[in-house]
Amino acid sequence: MLGFNRNPCSASPKSAPKPHKIPKKLVLAAFKRVKASRGAAGIDNQSIEAFEADLKNNLYKIWNRMSSGSYFPPPVKAVEIPKKSGGTRVLGVPTVADRVAQMVVKLVLEPVVEPVFHPDSYGYRPGRSAAQALGVTRERCWRYPGTENLKQGEDTFEFSFDFEAIPNGRYRGTVYLPFTHIFAVRG
């Protein structure tokens, strides 16, 4: 009989193990952080309060999809916000469920990758800001020759560097770097 049970109702269903080990408590911890940071509803118009009304099922869906590898984020809601200089810029607002999923990834990856970053890397790092990067840049402008052409308010600057470390030295010339990556090359 090849090991098949003839009566499918008498057999206990066994689900295959999930390919990604994501503890359910981690998803709950992620939700608590998202709730603490508040925020607007995404494209599905579901607020944090509405998400919390069916918390167990909503967190289970996120956990199940992420741990099985089938999670796919929904589109973000485009919201125009005014700029100080006039005009507007578009801000993408993810759904509450997607914010929870993003927080799960952050809680897993951040402790692993944070120690690897160069000390002068400022972009998207906890406890670091663009203002800090600019402060370090201004301080170094006084110390290093050739950096006096940096102007306040510019978000890029021209920086010539000989990339000898790259095989065959193919990539030589002028590179435009954002301020958050200035002096982030270990030499």
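## Confidence of the model

pLDDT is the predictor's confidence in each residue, on a scale from 0 to 100, and for this protein the average is 77, with 67% of the residues scoring at least 70. The structure is a predicted model, in which local features need a pLDDT of at least 70 and side-chain atom pairs count only at pLDDT 80 or more, while totals for chains, interfaces and linings use all residues. Residues are numbered from 1 along each chain as its sequence is written, and side-chain values use heavy atoms, with hydrogens and water left out.

Where pLDDT is low, the predicted coordinates should not be read in detail.

## Helix α4

The buried residues of α4 (under 20% relative accessible area, with exposed meaning over 50% and partly exposed in between, for a 1.4 Å probe and protein chains only) are V96, A97, D98, R99, V100, A101, M103 and V104. What covers these residues includes α1 (24-37), α2 and α3 (55-68).

## Helix α3

The 14 residues of α3 should span 20 Å at 1.5 Å a residue, and the end C-alpha atoms are 20 Å apart, in agreement with that value. Its buried residues are N58, L59, I62, W63, M66 and S67. Seen down the axis of α3, these buried residues fall within an arc of 150° (taken from the directions from the helix axis to the C-beta atoms), so they line one face of the helix. They pack against α1, α2 and α4, and just after the helix G69 takes a positive phi of about 85°.

A search of the whole structure finds two aromatic pairs, a pair being rings of Phe, Tyr or Trp (its six-membered ring) with centres within 6.5 Å, counted as stacked when the planes are under 30 degrees apart, edge-to-face when over 60 and tilted otherwise. F31 and F51 form a stacked pair, 5.6 Å centre to centre with 25° between the planes; this pair links distant parts of the chain, with F31 in helix α1 and F51 in helix α2, 20 residues apart. Both F31 and F51 are buried.

Y60 and W63 form a tilted pair, 5.6 Å centre to centre with 45° between the planes, and both lie in helix α3, three residues apart, about one turn of the helix. Y60 is partly exposed, with a relative accessible area of 41%, whereas W63 is buried at 14%. K21, in the segment before α1, counts as exposed at 70% relative accessibility; K21 and W63 are 42 residues apart in sequence and 9.8 Å apart in space, C-alpha to C-alpha.

Technical notes: Helix = DSSP H or I, 4+ residues; strand = E, 2+ residues; numbered from the N terminus. Contact = heavy atoms within 4.5 Å. Expected span 1.5 Å × (residues − 1).
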